[in-house]
Amino acid sequence: MTEKNTLKKSATLAAVGLVVAGALLAGCGESKATPMDDAYAGNSGETEKSQEEQSQSQSNGSDSSDGSDSGSSHNDPSTTTSDKKDTGNYKDGNYSINGQYGPVGEDSIDVHLTIKDGNVETVKIIGHPFTTISKNHQDDFAKAINGVVDGKPLKGLKVDKVAGASWTSDAFNKALEVARQEASIQE
């Protein structure tokens, strides 16, 4: 009889442990995005290199060369938006946003967008996966995303699950929100 009680207690403790773990993780996993010129954006040397290459390749200087420092006012690392307002009127240029996701934000993607005439001209995704599974999802997403968004208006653009990558798609949508704010012509 004591063995039966011990098994019952073990099963009960295991169930309680799962409930507690579920409650702890319930608030986790929400995607967030920050402009890549933000002090908290990116998580590897590849991100900095990508930013450097992009800034050197900008010949028209049309994105944020107006003297404003769009990322310096971000002091909260959990921010998911820019300090700018989405006006629905976007200036041409190249925009880079880092989107984080996963149960504890362990995965991230760098989203490099080129906007022309209010439309997404091109997208480049650089993934920073935590696991092999994440890497596979990020790779598949990066291969498929151009076919989904190129040529589409930036205003209101949102993707559903692309290439089976739901969390990567969520992080991309958060990045689009930030891109709209960063690209908005402030009145």
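Mentor: Start with one term. Buried means under 20% relative accessible area, exposed means over 50%, and partly exposed lies in between, using a 1.4 Å probe and protein chains only. Next, the ground rules. This is a predicted model, where local features need pLDDT of at least 70, side-chain atom pairs count only at pLDDT 80 or more, and totals for chains, interfaces and linings use all residues. Residues are numbered from 1 along each chain as its sequence is written, and side-chain values use heavy atoms, with hydrogens and water left out.

Trainee: Which elements run along the protein chain, from the N terminus on?

Mentor: Helices (H or I, at least four residues) and strands (E, at least two) are DSSP runs, numbered from the N terminus. Here there are four helices and four strands. Their order is α-β-α-β-β-β-α-α.

Trainee: How much of the protein chain counts as buried?

Mentor: Of its 187 residues, 36%. The accessible surface is about 10,500 Å², and carbon and sulfur atoms hold 52% of that. Such areas come from the Shrake-Rupley method with a 1.4 Å probe; for residues, only the protein chains shown count as cover.

Trainee: Is helix α4 enclosed or open?

Mentor: Count its residues. In α4, 14 of the 18 residues are buried, so the helix is largely enclosed by the rest of the structure.

Trainee: Which residues does Thr 168 contact, beyond its neighbours within four places in sequence?

Mentor: Contact means heavy atoms within 4.5 Å. Thr 168 lies in helix α4. Its contacts are Tyr 101, Ile 109, His 137, Gln 138 and Phe 141. Thr 168 is buried, with a relative accessible area of 2%. A polar contact is a pair of N or O atoms within 3.5 Å; within protein, one must be able to donate a hydrogen and the other to accept it, and residues adjacent in sequence count only if both atoms are side-chain atoms. The side chains of Thr 168 and Tyr 101 make one, at 3.0 Å.

Trainee: Where do the side chains of a strand point?

Mentor: In a regular strand they alternate between the two faces of the sheet. Now look at strand β2 (residues 93-102). On one side are Gly 93, Tyr 95, Ile 97, Gly 99 and Tyr 101, and on the other Asn 94, Ser 96, Asn 98, Gln 100 and Gly 102; all are buried. Ten of the ten residues of β2 are buried, so the strand is largely enclosed by the rest of the structure.

Trainee: How many bridges join β2 to β3?

Mentor: Two strands pair if DSSP finds at least two bridges between them. Nine bridges join β2 to β3, and the two run antiparallel. Ser 96 has His 112 in β3 as its bridge partner. The two strands form a hairpin with four residues between them. In that turn, Gly 105 has a positive phi of about 70°.

Trainee: And how do β3 and β4 run?

Mentor: Antiparallel, with nine bridges between β3 (residues 107-116) and β4 (residues 119-128). They form a hairpin with two residues between them, and Asp 117 in the turn has a positive phi of about 55°. Thr 114 stands opposite Thr 122 in β4. The side chain of Thr 114 also makes a polar contact with the side chain of Asn 94, at 2.8 Å. Asn 94 has 18% relative accessibility, so it counts as buried.

Trainee: How many salt bridges does the structure hold?

Mentor: Side chains of opposite charge can pair when their charged atoms come close. A salt bridge is a side-chain nitrogen of Lys or Arg within 4 Å of a carboxyl oxygen of Asp or Glu. This structure holds two. One joins Asp 86 and Arg 180, with the closest N and O atoms 3.8 Å apart. Asp 86 lies in the loop between α2 (45-57) and β2 and Arg 180 in helix α4, so the pair ties together parts 94 residues apart in sequence. Arg 180 is buried at 10% relative accessible area, whereas Asp 86 is partly exposed at 33%.

Trainee: Which residues form the other one?

Mentor: Lys 135 and Asp 139, with the closest N and O atoms 2.8 Å apart. They are four residues apart in helix α3 (residues 132-149), which means about one helical turn separates them.
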